[in-house]
Amino acid sequence: MELFEELKWRGLVDNVTSEEVEDVINNGEVTFYIGTDPTADSLHIGHYSSLLMAKRLEKHGHHPIMLVGGATGFIGDPKATGERSMLTPEVLKSNYDALHAQISKLWGCDMVNNLDWTKDITIIDFLRDYGKLFNVNYMLNKETVKKRLDSGISYTEFSYMIMQAMDFYLLYENKDCHMQVAGQDQWGNITAGIELIRKKSGKEAYGFTMPLLTKSDGTKFGKTNGHAIWLDREKT
């Protein structure tokens, strides 16, 4: 059984961005990234599932990058139930340090912080170099955004998609990262990143999503509803 078939057999593949993903996973040595925002001071069981996926890919010759979103953590990925609370810089820094230490202990992979390349970008640069390449109608059709249209979504959360796409593009350009792996709720952000790479570089990138780890009733193990299973022994 080839690697991609094994991942499907294990129920770990939700969707792929193109048919080439199977060949890339089976035959290539591709650099890929997974990411999380420092919205808490510990990883949880959902993150652990992603880390296991990354380890499987690494064992077959692929190179993983772990991104902890020191910049995107200031914004927060849009969630279906409403606007996220903004965290202070002090809390985000403390959370980032905690996650960095935890990931280092679990797995000595290459780690990056998107604050490193975001903090010096001006609002004019952001709008001209990145925002100009995104059609609002395209963004409105993304599932995570569509779910919020009735209740309302701020421009801040609406722009998260561009920020994550920018991460993928800059990792592609600077670290030869050709694939993003994430939970199924990140599908819209992954495809936005691939589109940005096509527009700015004229090249192809890849992505695939994993089913979310859920409870017996089918709902997500979430931080927001207080049902997370933390990897920190002091929290669980």
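User: Let's start with Tyr-169: buried or exposed?

Analyst: This is a predicted model. In it, Tyr-169 has a relative accessible area of 12%, so that residue is buried, the cut-off being under 20%.

User: And which helix is Tyr-169 in?

Analyst: Tyr-169 is in helix α10, which covers residues 160–175.

User: How much of α10 is buried?

Analyst: Of its 16 residues, 13 are buried, so α10 is largely enclosed by the rest of the structure.

User: What follows α10?

Analyst: Asp-176 comes next, in the loop between α10 and β5. Its phi is positive, about 55°, although Asp-176 is not a glycine.

User: Why point that out?

Analyst: Because most residues other than glycine have a negative phi.

User: Is Asp-176 buried, exposed or partly exposed?

Analyst: Asp-176 counts as partly exposed, at 48% relative accessibility.

User: Switching to rings. How many aromatic pairs are there?

Analyst: The structure holds two aromatic pairs. One of them is Tyr-33 with Phe-168, with ring centres 5.7 Å apart and planes at 70°, so this pair is edge-to-face.

User: Where do Tyr-33 and Phe-168 sit in the chain?

Analyst: Tyr-33 is in strand β2 and Phe-168 is in helix α10. They are 135 residues apart, so to speak of the chain, and the pair links distant parts of it.

User: How accessible are Tyr-33 and Phe-168?

Analyst: Tyr-33 counts as buried at 2% relative accessibility. Phe-168 counts as buried at 0%.

User: What about the rings of Tyr-130 and Tyr-169?

Analyst: Their centres are 6.3 Å apart and their planes are at 65°, so that pair is edge-to-face. Tyr-130 lies in the loop between α6 (123–129) and α7 (136–140), and the pair links parts of the chain 39 residues apart. Tyr-130 is buried, with a relative accessible area of 8%.

User: Back to β2. Where is Thr-36?

Analyst: Thr-36 is found in strand β2, residues 31–36. Thr-36 is buried, with a relative accessible area of 9%.

User: What is Thr-36 in contact with?

Analyst: Leaving aside neighbours within four places in sequence, Thr-36 is in contact with Leu-43, His-47, Met-66, Leu-67, Val-68, Gly-69 and Leu-99.

User: Next, α2. Which of its residues are buried?

Analyst: In helix α2 (residues 20–27), the buried residues are Val-21, Val-24, Ile-25 and Asn-26.

User: What covers the buried residues of α2?

Analyst: The cover includes the helices α1 (3–9) and α3 (45–59), together with the strands β1 (15–16), β5 (177–183) and β6 (206–210).

User: Which residues line the largest cavity?

Analyst: The lining is Asp-77, Pro-78, Thr-144, Val-145, Glu-157, Phe-158, Met-161 and Asn-189. Helices α8 (143–146) and α9 (155–158) each supply at least two of the lining residues.

User: And by class, what is in the lining?

Analyst: The lining of the largest cavity has four nonpolar, two polar and two charged residues.

Methods. Residues numbered from 1 in each chain as written. Predicted model: local features only at pLDDT ≥ 70, side-chain atom pairs only at ≥ 80, totals over all residues. Heavy atoms only, no water. Buried < 20%, exposed > 50% of the residue type's maximum accessible area, 1.4 Å probe, protein only. Helix = DSSP H or I, 4+ residues; strand = E, 2+ residues; numbered from the N terminus. Contact = heavy atoms within 4.5 Å. Expected span 1.5 Å × (residues − 1). 1 Å grid on protein atoms, 1.4 Å probe; cavity = no way out; pocket = protein on both sides within 12 Å on 5 of 7 lines; lining within 4 Å. Nonpolar A, V, L, I, M, F, W, Y, C, P; charged D, E, K, R; others polar. Phe/Tyr/Trp six-rings, centres within 6.5 Å; stacked < 30°, edge-to-face > 60°.
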